[in-house]
Amino acid sequence: MDDCISSDEDYYDSDRDSLHGLENEDSEIQRVPKTPSTKVITKESLLAAQKEDMRRVMDLLSLREYHARTLLIHYRWDVEKLFAVLVEKGKNHLFATAGVTMIENRSNTSSEASSMVMCDICMEEVHGNDATRVDCGHCFCNNCWTEHFIVKINEGQSRRIRCMAHKCNAICDEAVVRTLVSKRHPDLANKFDRFLLESYIEDNKRVKWCPSTPHCGNAIRVEDDEFCEVECSCGLQFCFSCLSEAHSPCSCLMWELWIKKCRDESETVNWITVHTKPCPKCHKPVEKNGGCNLVSCICGQAFCWLCGGATGREHTWSSISGHSCGRYKEESEQKAERAKRDLYRYMHYHNRYKAHTDSFKLESKLKESIQEKISISEERESMLRDFSWVNNGLSRLFRSRRVLSYSYPFAFYMFGDELFKDEMTEAEREIKQHLFEDQQQQLEANVEKLSKFLEEPFDQYTKDKVMEIRMQVINLSVITDTLCKKMYDCIENDLLGSLELGIHNIAPYKSKGIEKALELSACWNSKANTSDKYPPSDCGTSGGLSECERLTSLNSEENGCSSRKRARAEVVAGNFFDLNLPAEVVDRN
Amino acid sequence: MIDFARVQKELQECTKDIEASGIRVTPKSDSLSHLLGTIPGPISTPYEGGIFQIDITLPDGYPFEPPKMQFATKVWHPNISSQSGAICLDILKDQWSPALTLKTALLSVQALLSAPQPDDPQDAVVAQQYLRDYQTFAGTARYWTETFAKTSSLGVEEKVQKLMEMGFPEAQVRSSLEAVGWDENLALEKLCSG
């Protein structure tokens, strides 16, 4: 049912064209943002997506790429927060807490390479070539490093692999991890890369996986407001905040409660407690369908409806003997009454919610018949060629139906006892309920009118009559749009706003329907490459492993590549950065 | 796989300065994956004078994964379970580093005995007592040390010695003693019956 809205790209433009002179035209233009603030991140663009953030950090702090990534992972990709810490507490604090260490004057690695080194982990003497010194200055043998990395990756700690030395907070250079691990377990090295890349999605509050099943592989990034509804490029529409279906004007909490309630058997159970009594013999629930209070179950057992007790022979149609059931149980009566009232209340809201959802489904069929009518009309009438108003009206109808149907669960919780009982006085609640219901009613009436006009067999009408319907549909479209917007405003400002409860946030009303996230442009411009202040020669981060060796090992890895790897290599060719290559190599390309 | 070469070296190192540290690590079986650590109770604490035994199991990933340690001697301490002997110590969990050794880990456990962390308790009852009524806590801890960490564990080595002199292998002697609750007569019966 979601995809009905997604068609008709040019709907608004033509709608506006036909609405010259209508007062809300200007405000509509202002309200519609020029570009969507949500982006689709695919497997291919994931790297490009994080490059912007990384580049900002690298530029400001003159850092190498993996240091920037370490910082960003630590600060959960919140660049603003990272910069705030930098300004408040300084560079040293920023680096120390994130585990970034840089030793400017490292000891001469070439002399180390030829000598023997004592590894404190395996307690063996190893040749300098078989040991690696990391940024913090600690040096251990390659075997021990590899073991350490494998254990950490398997523990799911790829994003924060620390140095092996006790109490050393430094995060290991990702290139060292990759090179050493891939020698023994290429698969695990790939996994490590993926974990690093996906940190951008999983540790970032602005980015979330699309909840589609089967998963489309995409993630969505929002630029400003987390409370919004988006459409992924796979077509799924969802609420970014709670990842369930788009449910505004319900808040996420309300929606969660509502679907649980709908799914729950609890309402059925309620009905059973109110309307039936268990048979004292077979314990099946028995419903009384009329008559006196002597009830008999299908199993043959007779019992008193008032107290549920089994009756003997003296208990006849004419006399209810041996019972004093009229004398007590005020409390249980009350409880039953309350359950009954709650059930009716729920049924009221659920029926209307359901009615609009059902109409919405029925009207989806309307779309086909309308297309037919349009094509007939187009052939018949050469004068009236533009029938976009029909499609536009239809889209407006779908959109408003959605709003209407979700407005019922909203009302159920807004004016019920569950969430806001102590937040509003009875009088306040009543005023608010009237305010809301008036708006809801108005919207409902206009939506029904719009629906009626759209069902008219306009293909059989005269030109004048068609023009009249056209005017009506256009007018009603504008009215329902305005009413929807007003309802959202009312909910946000008058109903929820006064409660000052931060937990009930609703996605803003989008006149154009749920925003389609744009594919993130895959061509990332590497404008700031030159700012990498580290010449390739002094960046041998590892004790015995020279830059050359690292490159050759990387290349050999590239040759025996899996399909996933190949995809990455192509990305490099297309002017991308490859995570597998040090920044300098990419810069040279 | 456990790096047994390293474990061997660790044991040698440990034996070398046993005089200075008082910390002993001995294999429980032939496999080196199950060890027994012994630490003296720190001076001027309620644990002074006691000898505490710690059961050590090495995981497959040792030394890249932390060793599993548990008190075999009953001890009254906020961070050690009075029931199971489980130890709440960061370096035995997420703060473990492969650069640490069994000896350094046992030294940390010893340090924990002298500096309890009642705000991060393993045994809530003990921690409550430590915070609310230190005198009673110290009394109980001292009593437990007297009862469990002195006679029995000191006696244990003597018992082991005695039974070994009768011609039984050490591993078997220890396991029999452990099985019968360190009663040398019962252990002897067990050893004789096969």
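Does E223(A) count as buried, partly exposed or exposed, and what is its relative accessibility? In this predicted model, E223(A) has a relative accessibility of 35% and therefore falls in the partly exposed class. The side chain of E223(A) is paired with that of R221(A) in a salt bridge, with an N to O distance of 3.2 Å. R221(A), in contrast, counts as buried, because its relative accessibility is 4%, and the cut-off for that class is under 20%.

Chain A, which contains this pair, comprises 589 residues, of which 49% count as buried. Its secondary structure consists of 19 helices and 15 strands. Among the contacts in chain A with a separation of 6 or more, 64% are accounted for by residues 24 or more positions apart.

Over all chains, a search of the whole structure finds 30 salt bridges. One of the pairs joins D53(A) to R206(A), with the closest N and O atoms 3.8 Å apart. This pair links distant parts of the chain, the two residues being 153 residues apart. D53(A) belongs to helix α3 (residues 46-61) of chain A, whereas R206(A) is located in the loop between α9 (186-202) and β6 (207-209) of chain A. The two partners also fall into separate accessibility classes: D53(A) counts as buried at 7% relative accessibility, while R206(A), at 22%, counts as partly exposed.

A salt bridge within chain B is formed by the side chains of E170(B) and R174(B), with an N to O distance of 2.8 Å. Both residues lie in helix α6 (residues 170-179) of chain B, and because they are 4 residues apart, about one helical turn separates them. R174(B) has a relative accessibility of 13% and so counts as buried, whereas E170(B), at 35%, counts as partly exposed. In chain A, salt bridges with shared partners connect K51(A), E65(A), R69(A), E174(A), R178(A) and D193(A) in one network.

The contact between the two chains involves 13 residues from chain A and 15 residues from chain B. The size of an interface is often given as the accessible area lost when the parts come together. For chain B and chain A, the buried area is about 1,100 Å², with carbon and sulfur atoms giving 68% of this area. On the side of chain B, the residues that lose the most area to chain A are R6(B), K9(B) and F64(B), which together represent 46% of what that side buries.

Polar interactions are also present at this interface, where 5 residue pairs are in polar contact. The side of chain B that touches chain A is made up, by class, of 7 nonpolar, 3 polar and 5 charged residues. Side chains of opposite charge can pair when their charged atoms come close. Between chain B and chain A, the count is 1 salt bridge. K9(B) and E124(A) form a salt bridge in which the closest N and O atoms are 3.0 Å apart.

Methods: Residues are numbered from 1 along each chain as its sequence is written. Chains are lettered from A and ligands numbered from 1 in the order in which they are written. This is a predicted model: local features need pLDDT of at least 70, side-chain atom pairs count only at pLDDT 80 or more; totals for chains, interfaces and linings use all residues. Side-chain values use heavy atoms; hydrogens and water are left out. Contact means heavy atoms within 4.5 Å. Buried area is the accessible area (1.4 Å probe) that two parts lose on being put together, summed over both. A salt bridge is a side-chain nitrogen of Lys or Arg within 4 Å of a carboxyl oxygen of Asp or Glu. A polar contact is a pair of N or O atoms within 3.5 Å; within protein, one must be able to donate a hydrogen and the other to accept it, and residues adjacent in sequence count only if both atoms are side-chain atoms. Ala, Val, Leu, Ile, Met, Phe, Trp, Tyr, Cys and Pro count as nonpolar, Asp, Glu, Lys and Arg as charged, and the others, Gly among them, as polar. Buried means under 20% relative accessible area, exposed over 50%, partly exposed in between (1.4 Å probe, protein chains only).
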